[in-house]
Amino acid sequence: MSDQVATMCDQLIKAVNVMMDPGTNQIYRLEALKFCEEFKESCTFCVPCGLQLAEKTQTSVVRHFGLQILEHVIKFRWNDMPQPEKVQLKNCAMQLLSTGTLSILEEESHIKDVLSRITVEMIKREWPQHWPDMLKEMEALTSLGESQTELVMLILLRLAEDVITFQTLPTQRRRDIQQTLTQNMDNIFSFILAILQINVDDYRKLVSGTAAKAHCRVAVTTLNTLAGYIDWIALAHITNDNCRLLEMLCLLLSEGELQLEAVECLLIAISRKGKLEDRKPLMLLFDDLAINYILSAFLKSSTQIMWGTLFRHEILSKVPVVTGYPSRNDSPSCEYSRMDFDSDEEFGSFFNLFRSQQGEVVRSACRLVPMEALGDAAEWLGYQLSSPIITGITNGTCPPPLSSLKCVLRPKLPIDQGIELLQAVLSYETKDPLILSCVLTNISALFPFVTHRPNILPQVLTKVSSANHSPGIQAVKNVRRHACSSIIKMCRDYSPFILPCFDMLYDYVKKLFADEALLMQMEKCALMEALVLIGNQFKDYAKQKAFLEELMAPVVARWTSSETSHVLSDAAVFLSYVGADQVSEQTKDTDVYGNNRVQLSYCLQAMLAVVKRSRWPADLGEATAGGFLVGSTPSGAPLFSNPCSSLVLAMLPNVLTLIRTQNNLFAPENLARMLLCVLLLQYIVYLFAGLPHPLIDIYDTPVYKGNLERMQGFFCTLYDNCYHILGNAGHSLTRDFYTIDGLAEKLVGSAFVSLDHVPDHRFRPIIHILTFQWHDFGFLPLVLSCPQEYYESLLCPLVGPLFTYMLQRLNVKWQIINQRSSSNGDEEEEEAVSEESQVTQEMLEEQLVRLVTREVLDLLSKYISFYFTTKVLRRLRQPTREVETCLDHVICVPMSTWSLLTSFPLALKDIYMNLLTISFVALSWKDTNICHRTASMICWNLLRQVVVGGNLLPDAATWFLISTLKGLQLHGQHEVCCATLTLLAMLIYENLRPRYAELRAVMSQIPDINMEALDQYDHRLLDPKAQKFGDKKRKDQFKKLIAGTIGKALCEQFRKEVHIRNLPSLFKKPKPERDLLATEALGLEALFSPQRASV
């Protein structure tokens, strides 16, 4: 036997060395791995081989493999081992803990880890029933040295993780071990604290040297073990002995080597939830002494030391700017940035995040002490305004503005001081674009003071508008954008106050518009938008309409001209007009078509500005007096007319024509003319990939650098603006828009033309205008303001073709993705090497498909919510609170409520079946977010109407269940998807099984299903007299039935199952046996005595 063990050990050592040698051929490595695995599975003398390989004389790799053999035996053979062999293995494991390791600083961490795993695996199988003295043996081990003490702490930590955190045991075994731990927690916790105190004291005494490092290592491991227990033990243990634990942890904050672990323990302790009276002792951490330790641990040891070092630095202390990009060499700090950041993008992202955090801190402080904040800010701003400008490289930084003061400008603040600051800012003159941007921000922050001194309003408007005059580099363009935004914001928030200056501002704008080269199209549209905002305060329909007609006359004339109509109606002519068919031959200086593109963009942006901002008064009386009221709805709601309606309706036909033409641009014959213009802009690629766009400077914005990029940007902006206009037209014009003759046909004939050729990124705006609550993106949905009487004539002709097409399109796209992801891995790797660009394009296309799919399903779910809230609320006249509760748990809406939806346009047969098909097919698409959202919010809410109607074909019923089970097979590895799909499958089976016996045949095909359990489940479901179980038990039973179809992750599919047998429970209390005849009298017999008969 010993010879066989020695021979096998030699072979195993050779095999392990072959596996771990990086120079080994892959074929030899696989053969060695196969030999080792077969040995662990079939060899009868694994234990002696494992013990021999685990000796300290072997290398760490061999020792680790030997210990893995012992762990494998315990996990997979323990149940079949005789009791003497178990005892022997346990004694050998304890011997390894005692003498089988090197010193604490020499031993490898993976050796310690596997030793702790071996011990914990035995504990999980035998403690406390068959190993009652385990805790005493662990305590005895700690007397043998620091190495054994650390191992004991690791064992206690892993035991808590397996039992409490990860719960990797059967329920009964977990309950037994957890209750035993709880019963012994006083001793365990005192033992851990004693170990911590002893080693911390020894570490402080020795200060340095090998022995000190050993005690420090034990202390660190003990703190990690504490962190594993503090999260779940009773709070009384944490606060015991006048919060001794918290006191120790606060004291350890002064120890640099133990600081991080102590902070983690404190964080877990104060994050505990529970009764207020139980957590009250934790307030000890807010005492002066504890706070001093906490502040000194971080502020003194980190921040103050860092700044002190920085200020004492020979070079950095003299540099005014201490932020440097890794790719540059214009600051000594660039070298330090290269140590922490790999790219300028990473540095910029961190710097912006840090700056925003600092800004939030300043804003919070301003809210607490507004007067002091204003005084400091005024002093700071005065210093900046009076200081001379130091020319040179500024590295993109600028003195911080007064933006943090926006939250503290209250009426109680001193008006005179604010006006004085504002006057100083208005008097400041500079040509530097970065400083000018700060000036504009300060003006915006101080603008509330202007309401108290109206006489300076013209000066403010002149100052802000003057930033639009000087064309130049990109930084100047950014300032001009800033100025436009500032004007719009002032006119939006203070339009009644600015109204007296309307004529002055309008005349000023006319002068600027007279010079075509003075303003860019964006600035023209911004000024027009500001004028419209102020014009809304006229509150006179005729006056507003006349003003808008005068303002928009050049735009309307150009947009509705016969030349423009001809250009927009033909794809080839349009491409030639904008120069897209010659983009590769042009340069910036020779681009003769640039003015054509500018004029088209300007017309659309001006139209968008007007339709987005033009409004009637919010007050009904003012609207009626101003002539905006034109009638009322059948329900009595007032109807208003927008002053811009006639202008927008006159321009709308060419907008629809342009949408149709842009869709036709992607036809094969037109793609050849467009050359490279169809490529995605780089910043759009970054957006889809979820990455920040790389910025040259923190004040730069993504710009189109070359003529090709400018052309791509033109097409993207033009396309989006068309759909912006459609979405805002429904919201702004309301009935004037929805009463257009043949509106549905016109929209379908433009937006839905040539969809087969339209790429996914251009398809998203079509979904956006039909999606609710998309305000953050800028789209106002077309259907948001649609009157109820136009649902059937407008929404159904739009929604029906859209979902019919999307079902076909997405199904084909996801089939390609599924096939691509399931192809041979070697082929994919070879393709990635040889055709990297093609693979990158495929990844981008896949991401686009995921985005479009999520938005389509989001549209579907919002339609469900929309019809439920608008129609069911009115039909049922339920309290709003009850309806909101139903919306929060849509899957639990009462059946009677949803049965009313059959009368809505959404329930039309063709549309409805398309919605059902999309929702259930989406369960098998490889996207967990799509699967979870669809299964939880859409599938059953749609299907239950069909269940109520009872007109579902048997094939359709089985298809719904099969689709759900396919989703479980694909996404069952994800816990959230598994729970949602299991509930959906149960709802389908329980509601359809009584009428469709075919569902049982589907269930019987599930691998490894227990037919007897299925019969019992059907009996309780079909027999009205059978005992009914609660929801939780029914879910558990159904999950067991379909367990064979629940998919597993690749790493779980070939994992060998670990079986841990239950031991006789220690905590079951036997029921007391009572002799009914021997019970003492209760006095009830006296009620029936003869003496009571007369009562």
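What follows is a briefing in grouped points, from the whole chain down to single residues.

Please keep in mind that this is a predicted model. The chain has 1095 residues, of which 46% count as buried. Its secondary structure consists of 52 helices and two strands.

**The chain as a whole**

- Among the contacts with a separation of 6 or more, 73% are between residues 24 or more positions apart in the chain.
- How many disulfides does the structure hold? The number is zero.
- Cys501 shows the reasoning for one cysteine: the closest cysteine sulfur belongs to Cys491 and is 10.0 Å away, which is too far for a bond, because a disulfide needs two sulfur atoms within 2.5 Å.
- Cys501 is also buried, at 10% relative accessibility.

**The two strands**

- Strand S1 covers residues 629–632 and strand S2 covers residues 638–640; the two are paired in the antiparallel sense through three bridges.
- Together S1 and S2 make a hairpin, and five residues lie between them.
- In the turn of this hairpin you will find Gly636, which has a positive phi of about 100°.

**Two pairs of helices**

- Start with helix H20 (residues 415–427) and helix H21 (residues 433–446), whose axes come within 10 Å and cross at roughly 155°.
- H20 is therefore roughly antiparallel to H21, since angles over 145 degrees count that way.
- The crossing of H20 and H21 is left-handed.
- On the H20 side, the contact is made by Leu421, Leu422, Val425 and Leu426, while H21 contributes Val439, Asn442, Ile443 and Leu446.
- Now turn to helix H44 (residues 909–921) and helix H47 (residues 954–971), which pack with their axes 9 Å apart and at an angle of about 30°.
- H44 is roughly parallel to H47, because angles under 35 degrees fall into that class.
- Where these helices meet, H44 brings Leu916, Thr917, Phe920 and Val921, and H47 brings Trp959, Phe960, Ser963 and Thr964.

- Val61 sits in helix H4 (residues 60–77).
- Is Val61 buried or partly exposed? With a relative accessible area of 33%, Val61 is partly exposed.
- Not counting residues up to four places away in sequence, Val61 touches Val16 and Met20.
- Val16 is 45 residues from Val61 along the chain, yet their C-alpha atoms are separated by 7.6 Å.
- Asn721 belongs to helix H35 (residues 707–733) and is buried, with a relative accessible area of 10%.
- Which residues is Asn721 in contact with, leaving aside its neighbours within four places in sequence? They are Leu604, Gln605 and Leu608.
- Thr853 is part of helix H41 (residues 836–876).
- The relative accessible area of Thr853 is 0%, so this residue counts as buried, the limit being under 20%.
- Once neighbours within four places in sequence are set aside, Thr853 has contacts with Leu810, Trp814, Trp925 and Ile930.

**Backbone details to look for**

- As background, most residues other than glycine have a negative phi, and most peptide bonds are trans.
- The peptide bond from Trp127 to Pro128 is cis, and its omega is near 5°.
- Pro128 lies in a loop, with helix H6 (109–126) on one side and helix H7 (134–141) on the other.
- Cys243 is not a glycine, but has a positive phi of about 60°.
- This residue, Cys243, is found in helix H13 (residues 240–252) and is buried at 4% relative accessibility.
- Ser754 is another residue other than glycine with a positive phi, here near 55°.
- You can find Ser754 in the loop between helix H37 (743–751) and helix H38 (760–768).
- Ser754 is partly exposed, with a relative accessible area of 24%.

Notes:
Residues numbered from 1 in each chain as written. Predicted model: local features only at pLDDT ≥ 70, side-chain atom pairs only at ≥ 80, totals over all residues. Heavy atoms only, no water. Buried < 20%, exposed > 50% of the residue type's maximum accessible area, 1.4 Å probe, protein only. Pairing = 2+ DSSP bridges. Helix = DSSP H or I, 4+ residues; strand = E, 2+ residues; numbered from the N terminus. Axes fitted to C-alpha atoms, helices over the stretch in contact; angles between N-to-C directions. Parallel < 35°, antiparallel > 145°, perpendicular 65-115°, else oblique. Left-handed = near helix turned anticlockwise from the far one by under 90°. Contact = heavy atoms within 4.5 Å.
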